[in-house]
Amino acid sequence: MKKWMIAVPLTLTVAVLGACADGTGKAEAGADKKEVVQAEGKKVKEGSEKEESQRNRVKELSTYEKVVLEDKDGEREVTVEYPYFGYEKLDQLIEEEMESTFKGQIDSLEKLRQELSSDGFEDENFTKYFFNRTMEEPIITDEVVSIYFRDYFNTGGQGVMGSVPINFDLKKERVLTLEEVLKEHGTSLDIIAEAMRERLMTDERFAQYRHDAVGDYASGVAEETSLEEMERNAFTLQEDSITFYHQYYSIFPNAEGIVGIELKWSELEAYKTKTPSEVNLPGHTVSVKRSSLRNH
């Protein structure tokens, strides 16, 4: 009987302890689950607030004002236009660049006047001095503000055009370089050049120039898309693409001016596995070798 009397309390003790342990485990599991749910809820809320903040920032930046610097005195006309966003670091960068350009153009005019005077041309009619910088609609995404400025300069003869881009990283609060952009997207200038060659050779937009080319169009394309030329290209950034600006002197007439060609990041993926191309036209073949991928 003693054996059973001892066994019963032990059984009851084990049962009670098991029940306590089971209850504690469930409580702890419930607490852990609650903490996980709260953490996930906090994360979702923070993500939602961040998205809303980004949307508001894009909306605010989209309501920029246009500033125009102008100087006209009959012999000269210097105008520079640029956006004012109300975003301190971006505005400061833009203003410094634009005011420096504006002042630099006026100083260049005065220097030209002095040179003409010293050469004995002070009594001659002064040639019209014209400089105009205009801007295209800024491209504003959650991460970047990209602005393309087009310059036109003329002192009486044939005018000269130029490109000035500003690609401002909103997170790093500084201007992005082409090398940084290509690295971020896992591509290189060689691959960009490859895509540009194909676009110039096949895009219907340039068909008339391929058919009416005075010289060797294929050779011209190879020359214009060499790395040396590509490094001179201005660029702007869109949500899912990059646009390069260049004046293709050897394949397009001067009247065409600066040409912008947009390349989708998704399109560039296919070029990573391609072999070096040959630029082809009927009766013309120009081999193009890909250099080391310097931007990787």
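A residue counts as buried when its relative accessible area is under 20%. Leu237 is therefore buried, at a relative accessible area of 9%. The model described here is predicted.

## The chain as a whole

The chain holds 8 helices and 12 strands. It has 296 residues, and 37% of them count as buried. Consider the contacts in the chain with a separation of 6 or more: residues 24 or more positions apart account for 58% of these.

## Leu237 and strand S8

Leu237 belongs to strand S8, which covers residues 234-237. What does Leu237 touch, leaving aside its neighbours within four places in sequence? Its contacts are Ile139, Val144, Ser146, Asn167, Leu176, Val181, Ile242 and Trp265. Tyr148 is 89 residues from Leu237 in sequence. In space, C-alpha to C-alpha, Leu237 and Tyr148 are 9.8 Å apart.

Helix H6 runs over residues 217-224. H6 is mostly covered, with 6 of its 8 residues buried. Those buried residues are Tyr217, Ala218, Gly220, Val221, Ala222 and Glu224. Asp216 caps the N-terminal end of H6. A side-chain oxygen of Asp216 lies 3.2 Å from the backbone nitrogen of Ala218.

Two packed helices are described by the angle between their axes and the distance between the axes. H4, residues 189-202, packs with H6 at an angle of about 150°. Their axes are 9 Å apart. Angles over 145 degrees count as roughly antiparallel, so H4 is roughly antiparallel to H6. The crossing of the two helices is right-handed.

Which residues make the contact? From H4 come Arg197, Leu200 and Met201. From H6 come Tyr217, Ala218 and Val221. By type, the residues of this contact divide into 5 nonpolar, no polar and 1 charged.

Thr225 sits in the loop between helix H6 and helix H7, the latter covering residues 227-230. Is Thr225 buried or exposed? Thr225 counts as buried because its relative accessibility is 1%, and the limit for buried is under 20%.

The side chain of Thr225 reaches the side chain of Arg197 through a polar contact of 3.3 Å. Arg197 also takes part in the contact of H4 with H6. Not counting residues up to four places away in sequence, Thr225 touches Ala193, Met196, Arg197, Leu200 and Met230.

Phe252 lies in the loop between strand S9 (241-246) and strand S10 (259-264). Phe252 counts as buried, at 4% relative accessibility. Its contacts, not counting residues up to four places away in sequence, are Leu200, Phe206, Tyr209, Tyr217 and Val259. Among them, Leu200 and Tyr217 also belong to the contact of H4 with H6. Leu200 is one of the residues touched by Thr225 as well.

Gln208 is 44 residues from Phe252 along the chain. The C-alpha atoms of Phe252 and Gln208 are separated by 9.7 Å.

Thr79 has its place in strand S2, residues 76-84. Thr79 counts as buried, at 7% relative accessibility. Leaving aside its neighbours within four places in sequence, Thr79 is in contact with Leu69, Glu70, Lys72, Phe131, Asn132 and Arg133.

Leu182 has its place in helix H3, residues 178-184. Leu182 is buried, with a relative accessible area of 1%. Ile192 is 10 residues from Leu182 in sequence.

The table below lists C-alpha pairs.

| Pair | Separation in sequence | C-alpha distance |
|---|---|---|
| Leu237 and Tyr148 | 89 residues | 9.8 Å |
| Phe252 and Gln208 | 44 residues | 9.7 Å |
| Leu182 and Ile192 | 10 residues | 9.1 Å |

## Glu173, a backbone exception

Most residues other than glycine have a negative phi. What is the phi of Glu173? Glu173 has a positive phi of about 55°, although it is not a glycine. Glu173 is found in the loop between strand S6 (160-169) and strand S7 (174-175). The relative accessible area of Glu173 is 30%, and the residue is partly exposed.

Terms used. Residues numbered from 1 in each chain as written. Predicted model: local features only at pLDDT ≥ 70, side-chain atom pairs only at ≥ 80, totals over all residues. Heavy atoms only, no water. Helix = DSSP H or I, 4+ residues; strand = E, 2+ residues; numbered from the N terminus. Buried < 20%, exposed > 50% of the residue type's maximum accessible area, 1.4 Å probe, protein only. Polar contact = N/O pair within 3.5 Å; in protein donor to acceptor, adjacent residues only side chain to side chain. Contact = heavy atoms within 4.5 Å. Axes fitted to C-alpha atoms, helices over the stretch in contact; angles between N-to-C directions. Parallel < 35°, antiparallel > 145°, perpendicular 65-115°, else oblique. Left-handed = near helix turned anticlockwise from the far one by under 90°. Nonpolar A, V, L, I, M, F, W, Y, C, P; charged D, E, K, R; others polar.
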